[in-house]
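Student: Could you walk me through this structure, one question at a time?
Tutor: Gladly! Let's have it in view first.

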Amino acid sequence: MRTFLAEVYKALKSAILGLKVTGKNMVTPAITVQYPDERLDLPVGYRGIPVLLSDAEGNLKCVSCELCARACPVECIEIQSHREEGKKIKVLDVYNLDATWCMYCGLCVEACPFDALAMSDQYELADYDLKNLVFDRDRLAEIGRRQVTETINFGIKTGGEPTR
Amino acid sequence: MDMFTAMHSGLVQMGVPLWLANLVPPLVKALILLLFILLNCMFLIWMERKVAGHMQRRMGPMRTGPHGIIQSLADVIKLISKEDIIPNGVDRWVFVLAPIVAFAPAFAVFMVIPFGPTLIAQDLNIALIFIAALTSFVVISFLMAGWSSNNKWSLLGAMRSTAQLISYEVPLVISVVAVALLAGSLSLQEIVEAQRESFWYILVQPVGFLVFLTASLAELNRSPFDLSEAEQELVAGYNTEYSGMRWALLYLTEYANLITFAAIASTLFFGGWSGPVLPPFVWFMIKVYFFIFLVMWIRWTLPRVRVDQLMELGWKGLLPLSLVNLAFTGVYVLIR
């Protein structure tokens, strides 16, 4: 008899304890980020697609040294350039980054000695056409200029002054 | 109600034969009740998803309509447009009839539930016996669905839930009998009246209420007693072979039963439609939804019990409790 009542009491107590937990959960705000209408704040240092940075006058900082292409583990960067008469720096003609191969590791950014490359905050890259997933020089430069979120990658701040 | 006698005499004056005019008021009452059940079920499905979501720190449906309010409607439209599949080896008539046998009694119970002082379809003076009898029909429909599906797992699931349902009917009815003793009547309207004169019966029958709550969770096949729906969901359950609108009817029956038990509980333990300021129907709905919220809260909190634990709980736990409750109530009524 006594164990029976003790069992009833224990059962009730544990049930009410559980109900308190879920009750508290019910009144705390939901942690859902409703995706198309809201987006998460990206942490500093988030690695989106690599983009080409421009200097104050709007010219690309890239000198076509091809260190990024060599550093890339999956060889997703294709670079073509030519040397002009009388100029020291090569002119960048083609810079194709295949976003379907890129692993967003940031080794290209780490390799670049001229701070011409940075990881952006773009992660919404889905497309219906595969051809649109190969980013060319102008698209990367455009995204580099539009970057608003501060991302610090290996000492490079995009959308602001470089720190080294 | 006055509206119905007016309708009746109006029809007779228009020259409608008497037998036909006699049929119209009950049909209209039935239609109103059906509409009540269907609208409430649609709301409840949405409420369940929202409550479940918020208890899990997420939001429920948000995109179909403001805060997902027309999600149930979207689901109904989808289910209506589905193909009606009747598998090859099933016992055709039994298969087709099972959802109807499940829904009809859930609907019929509403006949005796008082929504207000005069808002009751038929005030039977044996209402509680009527309710106890009708809520047992769900057992038959489970057996029909499980057997006719021609599927071993459906049959096993149906057998298990049949055992569960009949085991929990006994404490359910005994706890209800204790309330009938206190009120001195089996009619639900008189039980509400008796509570208006004294106090809500949950204060004198806390144990009875707990037994009723637990037993109705088992009768409704809701967590923590939902073996027939979840454990075998991956393999089969009594409603595996049902698709489209037939399944929708079974699902609807679950929620209609939920409203039924909530209505009975609020009538027996919380005072039905009585309350100070607001109109009686509003009080009734508040109490029903409070009980439903409690049931949903329990569902999303407690883990499922095993079938042997469930049988033990029913026969060795709830039955003695309800009998002791009945004994004490009887003594109290004698002394009073």
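**Two helix pairs in chain B**

Helix α7 (residues 152-183) and helix α13 (residues 307-335) of chain B pack with their axes 9 Å apart, at an angle of about 10 degrees. Axes are lines fitted to C-alpha atoms, for helices over the stretch in contact, and angles run from 0 to 180 degrees between N-to-C directions. This is a predicted model, where local features need pLDDT of at least 70 and side-chain atom pairs count only at pLDDT 80 or more, while totals for chains, interfaces and linings use all residues. Residues are numbered from 1 along each chain as its sequence is written, with chains lettered from A and ligands numbered from 1 in the order in which they are written.

Student: Are α7(B) and α13(B) roughly parallel or roughly antiparallel to each other?
Tutor: The angle between them is about 10 degrees. Angles under 35 degrees count as roughly parallel and over 145 as roughly antiparallel. Therefore α7(B) and α13(B) are roughly parallel.

Student: How do α1(B) and α2(B) run relative to each other, roughly parallel or roughly antiparallel?
Tutor: Helix α1 (residues 2-13) and helix α2 (residues 18-55) of chain B pack with their axes 9 Å apart. Their angle is about 150 degrees. α1(B) and α2(B) are therefore roughly antiparallel.

Student: Which residues of α2(B) make the contact with α1(B)?
Tutor: Residues are in contact if their C-beta atoms, placed from the backbone, lie within 7 Å. From α1(B) come F4(B), M7(B), H8(B), L11(B) and V12(B). On α2(B) they are L18(B), A21(B), V24(B), P25(B) and V28(B).

**Between the chains**

Student: How many residues does the contact take from chain B?
Tutor: Both chains contribute to this contact. Chain A gives 12 residues, and chain B gives 10 residues.

Note on methods:
Two residues are in contact if their C-beta atoms, placed from the backbone, lie within 7 Å. Helices (H or I, at least four residues) and strands (E, at least two) are DSSP runs, numbered from the N terminus. Angles under 35 degrees count as roughly parallel, over 145 as roughly antiparallel, 65 to 115 as roughly perpendicular and the rest as oblique.
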